[in-house]
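Let's walk through this fold together, one spot at a time. Keep the structure open as you read.

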Amino acid sequence: MLYLIGLGLGDAKDITVKGLEVVKHCRRVYLEAYTSVLTVGKEALEEFYGRELILADRETVEQKADNILKDADLCDVAFLVVGDPFGATTHSDLVLRAVKLGIPYRVIHNASIMNAVGCCGLQLYNFGETVSVVFWTDTWKPESFFDKIQKNKQNGMHTLCLLDIKVKEQSLENLMKGKKIYESPRYMSVNQAAEQLLAIVQNRRLQGEEPEVTENTHCVGLARVGAMDQKIASGTLQQMSTVELGGPLHSMIIAGNMHPLEIDMLKLFAVDKSSFEDNECQRNT
């Protein structure tokens, strides 16, 4: 059988009891290592699980999935995913491949950033479509995610922004030359995401638009959710461009309409409580 096992968001101990029992008896155990990362490395996981782990990068999962599934109809194989197994569409593809090969599968769920963001006080059922914010380059500056944020905002919904992760990526030059030389890992910060959003706001104004999202839109920055040193900051989009949240991984929320309880919760993490005065007035009205 193929087991897809969520590892949660913090460290080695966040795996469920059921998940750990499966890991201990599987013949091969793969660790997916590109859609997210834990606050501890592969060695710490191996020590706690008592098992050797095989790193599965993007190339392995997306282009060499048959290697993962090899003999999984004859023995048990585990595929470990930070967060929940279905937090990334790539893993649905692995399931479909297994089914096509007649390999049974089982999923063992865990906490994901998709639900753990509730720690900031914004209510999960008030979230709209989740977006990914990618690193811009000098020649590629996509804005499509901003339109989804605006649509959510128009509907009064919050937007969870998943920030870009670059792990085992090749430069365009090395890719064209066929050289297996990889860039250093990069993890987008809340500051970088906010700066890109602010640039889009300015671009839209230059095009004659008055965007729903502005410098004064309320946002939440989150870092290392689920870890002991988790950090949360709330404030305006402008304030998010300078807030210091420390190391990866970061996420950001663009707030929609807020219930009084949501406002009170965000004040606990406010960079500057005066930024919530407008909402306070709306509540009193």
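Arg224 sits in the loop that links β10 (218-223) to β11 (231-236). Keep in mind that you're looking at a predicted model. Is Arg224 buried or exposed? With a relative accessibility of 11%, Arg224 falls under the 20% cut-off and so counts as buried. Its backbone deserves a look too: phi of Arg224 is near 55°, a positive value, and the residue isn't a glycine. Most residues other than glycine have a negative phi, and most peptide bonds are trans.

Asp71 does something along those lines. Its phi is positive, about 65°, although Asp71 is not a glycine either. You'll find Asp71 in the loop between α4 (65-69) and β4 (77-81). Here the side of the story about solvent reads otherwise: Asp71 is partly exposed, with a relative accessible area of 36%.

While we're on the backbone, jump to the peptide bond from Pro248 to Leu249. This bond is cis, with omega near 0°. Leu249 belongs to the loop between α10 (237-240) and β12 (250-254).

Now for some helix packing. Two packed helices are described by the angle between their axes and the distance between the axes. Take helix α7 (residues 144-154) and helix α9 (residues 190-206): they pack at an angle of about 85°, and their axes are 11 Å apart. An angle from 65 to 115 degrees counts as roughly perpendicular, so that is how α7 and α9 lie to each other. Which residues make the contact? On the α7 side they are Phe145, Phe146, Asp147, Ile149 and Gln150, and on the α9 side Leu197, Ile200, Val201 and Arg204. Sorted by class, the contact of α7 with α9 has six nonpolar residues, one polar and two charged.

Zoom in on Gln150, which lies in helix α7. Gln150 is buried, with a relative accessible area of 9%. What does Gln150 contact, leaving aside its neighbours within four places in sequence? The partners are Arg204, Pro211, Glu212 and Val213. Arg204 is also one of the α9 residues in the helix contact.

Next, the cysteines. How many disulfides does the count come to? It comes to zero, taking a disulfide as a pair of cysteine sulfur atoms within 2.5 Å. Cys26 shows why: the closest cysteine sulfur, in Cys75, is 8.3 Å from the sulfur of Cys26, which is too far for a bond. Cys26 is buried as well, at 3% relative accessibility. Cys120 is in no disulfide either, as the nearest cysteine sulfur, that of Cys119, is 5.9 Å away. Cys120 is buried, with a relative accessible area of 0%.

Now head towards Asp272, in the loop between α11 (260-267) and α12 (277-284). Asp272 is partly exposed, with a relative accessible area of 34%.

Last, a word on confidence. The mean pLDDT of the protein chain is 90, and 91% of its residues reach 70 or more. Where does pLDDT stay under 50? That happens over residues 279-285, for which the model has six contacts beyond four places in sequence. Where pLDDT is low, the predicted coordinates should not be read in detail.

Conventions:
Residues are numbered from 1 along each chain as its sequence is written. This is a predicted model: local features need pLDDT of at least 70, side-chain atom pairs count only at pLDDT 80 or more; totals for chains, interfaces and linings use all residues. Side-chain values use heavy atoms; hydrogens and water are left out. Axes are lines fitted to C-alpha atoms, for helices over the stretch in contact, and angles run from 0 to 180 degrees between N-to-C directions. Helices (H or I, at least four residues) and strands (E, at least two) are DSSP runs, numbered from the N terminus. Angles under 35 degrees count as roughly parallel, over 145 as roughly antiparallel, 65 to 115 as roughly perpendicular and the rest as oblique. Contact means heavy atoms within 4.5 Å. Ala, Val, Leu, Ile, Met, Phe, Trp, Tyr, Cys and Pro count as nonpolar, Asp, Glu, Lys and Arg as charged, and the others, Gly among them, as polar. Buried means under 20% relative accessible area, exposed over 50%, partly exposed in between (1.4 Å probe, protein chains only). pLDDT is the predictor's confidence in each residue, from 0 to 100.
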